[in-house]
Amino acid sequence: MYCCGPTVYDDCHLGHAFTYIRCDLFRRVLDNYCGIYVLMAMNITDIDDKIITKAKQTNSDFKSVANFYYNSFIEDMHSLNIMSANCYLRVSDHMINIIDYIKHIYKKGFAYIGSNGDLNFDFNHFIKTFNITNSFGTDSPPITEKSLGKKSPKDFALWKSAKAGEPKWHFVTHDGITFSGRPGWHIECSALAQTVFGNQIDLHFGGIDLMFPHHHCESCCSHAFQQTDDSKPLYSWANIWLHSGHLILKSEKMSKSLGNVISIKQFLSENSANILRLFCIRTHYRS
């Protein structure tokens with residue numbers, strides 16, 4: 001099982017709690033009732049725009065911010081009686097694997113260097129090569145600021161060139177082009193899952209908000225990396241996809257961007273973690 005983990009720039013809230021409790025329930029049922037031992041990997045995004053912003057706000061560095069909130073996340077998972085993953089894959093610890101993965105996609109012709117210096121996934125070339133239809137993302141999204149320097153707004157960054165003062169790693173392409181920066185978000189999970197499990201995952205778990213674009217883009221990367229033939233659908237690198245629904249608070253999704261969050265620590269200071277687990281158990285998983 002591969003589960004998308006947090007971006008560690010702040011304390012986790014109850015929306016995260018429900019996602020990881022639901023994942024834990026599946027894992028425990030498979031183990032305790034079905035006799036199936038589950039090997040679980042989870043990524044930890046410890047380098048990201050939000051982490052860099054938090055470091056600037058706190059006059060710190062990205063590693064200190066990421067370490068602090070990673071430890072906070074692990075503490076929250078223990079407080080919620082959630083089994084630890086067999087391996088937590090911190091992006092900064094696996095940069096060589098991620099770079100090699102991106103190089104492989106670029107060498108196969110599914111990526112290009114945009115005018116903004118980023119290495120982008122070439123989505124239109126990808127769907128023509130594999131004759132992909134009936135998937136998310138094949139319609140025409142609006143052109144936004146994120147589209148600048150790209151052939152199409154459907155394209156996404158595999159490697160982002162570093163801005164002044166940002167942390168950076170060195171990337172050298174197979175044809176000798178060198179530029180410094182860091183991975184895009186979507187490629188991280190594809191590369192890390194491939195590192196641990198190879199070409200196939202039994203279960204892929206994450207929040208419903210990750211279905212598109214994150215899991216869609218992950219699947220594109222995996223498909224291109226593996227050079228999967230047309231007989232396999234785009235999302236088939238995971239046998240089963242499981243998505244946890246949003247936590248709704250007063251008719252709104254609980255999210256940091258909306259500012260309506262209740263942190264796990266705040267909730268547990270007054271309530272038992274079993275209350276949250278009972279909420280998850282009483283709802284059928286298909287709902």
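**Aromatic pairs, pockets and a few residues**

Analyst: A search of the whole structure finds 17 aromatic pairs, where rings of Phe, Tyr and Trp (its six-membered ring) pair if their centres lie within 6.5 Å, and planes under 30 degrees apart count as stacked, over 60 as edge-to-face and the rest as tilted. Please keep in mind that this is a predicted model, in which local features need pLDDT of at least 70 and side-chain atom pairs count only at pLDDT 80 or more, while totals for chains, interfaces and linings use all residues. Residues are numbered from 1 along each chain as its sequence is written, and side-chain values use heavy atoms, with hydrogens and water left out.

User: How do Phe110 and Phe130 pair up?

Analyst: Phe110 and Phe130 form a stacked pair, with 5.5 Å from centre to centre and 25° between the planes. Phe110 lies in the loop between α4 (95-107) and β4 (111-113), and Phe130 belongs to helix α5 (residues 123-130), so the pair ties together parts that are 20 residues apart in sequence. For the element names, helices (H or I, at least four residues) and strands (E, at least two) are DSSP runs, numbered from the N terminus.

User: Are Phe110 and Phe130 buried or exposed?

Analyst: Both Phe110 and Phe130 are buried, where buried means under 20% relative accessible area, exposed over 50%, and partly exposed in between (1.4 Å probe, protein chains only).

User: Which residues are linked with them into a cluster by ring pairs?

Analyst: Ring pairs link Phe110 and Phe130 with Phe121, Phe123, Phe126 and Phe156 into a cluster.

User: And which residues touch the most other members of the largest nonpolar core?

Analyst: That core holds 82 residues, and Tyr2, Leu80, Ile105, Phe121, Phe126 and Leu158 touch the most other members; a nonpolar core here is a set of buried Ala, Val, Leu, Ile, Met, Phe, Trp, Tyr and Cys residues joined through side-chain atoms within 4.5 Å. If residues up to four places away in sequence are not counted, Leu158 touches Ile102, Ile105, Ala111, Leu119, Asn120, Phe121, Pro183, Gly184, Ile187 and Cys221, contact meaning heavy atoms within 4.5 Å.

User: Switching to charges, what lies over the face of Tyr112?

Analyst: Lys151 lies over the face of Tyr112, at 4.5 Å from the ring centre, and Arg90 lies over the face of Tyr70, at 4.7 Å from the ring centre. A charge sits over a ring if NZ of Lys or CZ of Arg is within 6 Å of the ring centre and within 35 degrees of the ring normal.

User: Where is Lys151, and is it buried or exposed?

Analyst: Lys151 is found in the loop between α5 and β6 (157-161), and with a relative accessible area of 59% Lys151 is exposed. Apart from residues up to four places away in sequence, Lys151 touches Tyr112 and Asp122.

User: Which element gives the most to the lining of the largest cavity?

Analyst: Helix α1 gives the most, with four residues, and the residues lining the largest cavity include Tyr20, Met40, Phe73 and Tyr88.

User: What about the second largest pocket: how many residues line it?

Analyst: The second largest pocket has about 570 Å³ of space and is lined by 18 residues, of which Arg22, Phe26, His284, Tyr285 and Arg286 lie nearest its centre. Two or more lining residues come from each of α1 (14-32), β10 (238-244) and α9 (273-281), and α1 gives the most, with five residues.

User: Last one: where does His223 lie, and what is it in contact with?

Analyst: His223 lies in helix α7 and is buried, with a relative accessible area of 4%. Leaving aside neighbours within four places in sequence, His223 is in contact with Phe126, Phe130, Ile132, Thr228, Asp229, Lys232, Pro233 and Leu234. Ser222 is also found in helix α7 (residues 211-226), and Ser222 is buried, with a relative accessible area of 1%.

Methods. 1 Å grid on protein atoms, 1.4 Å probe; cavity = no way out; pocket = protein on both sides within 12 Å on 5 of 7 lines; lining within 4 Å. Points joined across faces, edges and corners; volume = space filled by probe spheres on them.
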